[in-house]
Amino acid sequence: MNKKKWIAAGALALMFSTSSVFAAVSVQQAERLKEDLTPLGGERAGNGKDIPPWRGGLSLPPLGYTKAGQHHIDPFPGDKPLFTINAKNASQYRAYLSDGQMAMFDVYPDTFKIPVYKTRRTAAAPEWVYENTYKNAVRSELANNGSSLLYAYGGIPFPVIDLDDKEAGLKAIWNHITRWRGTYLQLRASEVAVQVDGNFSPTTVQQEVEFNYYRQDRTIEDLNNILFYYLSVTKAPARLAGGAVLVHESLNQADEPRQAWGYNAGQRRVRRAPNLAYDTPIAAADGLRYADDTDMFNGSPDRFDWKLLGKKELFIPYNNYRLSSNELSYNDILRPGHINPEYTRYEKHRVWVLEATQKAGVRHVYSKRRFYIDEDTWGIVLADQYDNQGDLWRVSTAYMKTYYELPVTWTTLDVFHDLKARRYHVQGLSNEEMGEIDYSSPPPGERYFTPAELRRRGRR
């Protein structure tokens, strides 16, 4: 079937198979996005104490920010920590901490800290993303037991979620998978596996991502079942330079799963990579990150049962401009056990708590995962992962900030901790590079993200 026709065909099939469809909300419910909810589905109101109302977020660069892709200027340079949580006083703040954060205090009692700052609800997106999100609210659907997203485009597919909806968990994870992260980005950054003694050796990659789902010149019918295209080329160290990966991520994961290819510079060959999904280990992570750990979670949700447990207030990483500063080196940031807490910033925000339990009859290294999703962006900021004995094994953290030049609120660093091995992996280090994510170029289109291009880019 021509991929351009997949939605139309799916619509016809679903007309006669409504039992497999998880539908959208009414127009009356969608109107909440213009009233008590933010345009993406968070609560507009604050808590009357330390979480302020949402007033549009941060959508203008501060003075001095003049060039797309340059290292961000901290818009809140005068902010100081209100207090710092450590192993000695963590029990006092237990209600606002995840199990994973408490475990970090247990494993690293002398060094792990959470500096808490004033809460600033900086999350923002362009107006056209808000408009598409409203349209999605009344038309988006899930099918194939939640493995396929239909009728959504250019915005959050399920911004209004009812906890009584039995598919609320699946809708929440699809909101994360499809959240606004820009249209086309270029980034040169390093990832490292930090050993018990603090030693590390960076692997530097050049990445390009086109979020086809957010192409403004497209319609639902034009998406061709592609959520995004991803191309990554290794630049250093020399022994790995030239290796490349290409991914075509799909919206209808049931009928057309992710397609991936790898280029081996030594062999000068492009090969399909059908196993680049689920719990396949990522080589550059030294066993500390699996394929679906990337971006806190990605790919098909079909190996887990999803349950949305509700909302709670939590101290989460937010507005981490200092952590991405080019005034810091990797040596400043990377320490034994965890990144240097001196450069991190946490704030109290509301999060959705989402639990994923491994389905019977399928395999995965995690028996259970608990995700904490920022209500203002639908991005996962914290993840607790449990092994097949039911023990908390890994803790992942996305250090968020708002890229005010676009605007988009996303991570600047993702950190993946193995509590048993006492090692961790970091993605997104750009402090020693010339800049950060560059959103300024127009999207090159699908003809650019091909296996032939993968070979060409790998040879450079």
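This is a predicted model: local features need pLDDT of at least 70, side-chain atom pairs count only at pLDDT 80 or more; totals for chains, interfaces and linings use all residues.
**Entry 1, helix α3.** I looked up how far α3, which runs over residues 99–107, is covered, and found that 7 of its 9 residues are buried. The buried residues are Gly100, Gln101, Met102, Ala103, Met104, Phe105 and Val107.

I noted that the structure holds 34 salt bridges. Among the residues involved, Glu43, Arg121, Lys311, Arg350, Glu375 and Asp376 are linked in a network.

Glu313 lies in strand β11 and Lys348 in strand β14, so the pair ties together parts that are 35 residues apart in sequence. I recorded Lys348 as buried, because its relative accessibility is 6% and the cut-off for buried is under 20%.

Arg322 sits in the loop between β11 and α6, and Glu342 in the loop between β13 and β14, so parts 20 residues apart in sequence are tied together. I recorded Arg322 as partly exposed at 40% relative accessibility, and Glu342 likewise as partly exposed at 46%.

Asp387 lies in the loop between β16 and β17 and Lys420 in the loop between β18 and β19, so the pair ties together parts that are 33 residues apart in sequence. Asp387 counts as buried at 5% relative accessibility, whereas Lys420 is exposed, with a relative accessible area of 51%.

Key: Residues are numbered from 1 along each chain as its sequence is written. Side-chain values use heavy atoms; hydrogens and water are left out. Buried means under 20% relative accessible area, exposed over 50%, partly exposed in between (1.4 Å probe, protein chains only). Helices (H or I, at least four residues) and strands (E, at least two) are DSSP runs, numbered from the N terminus. A salt bridge is a side-chain nitrogen of Lys or Arg within 4 Å of a carboxyl oxygen of Asp or Glu.
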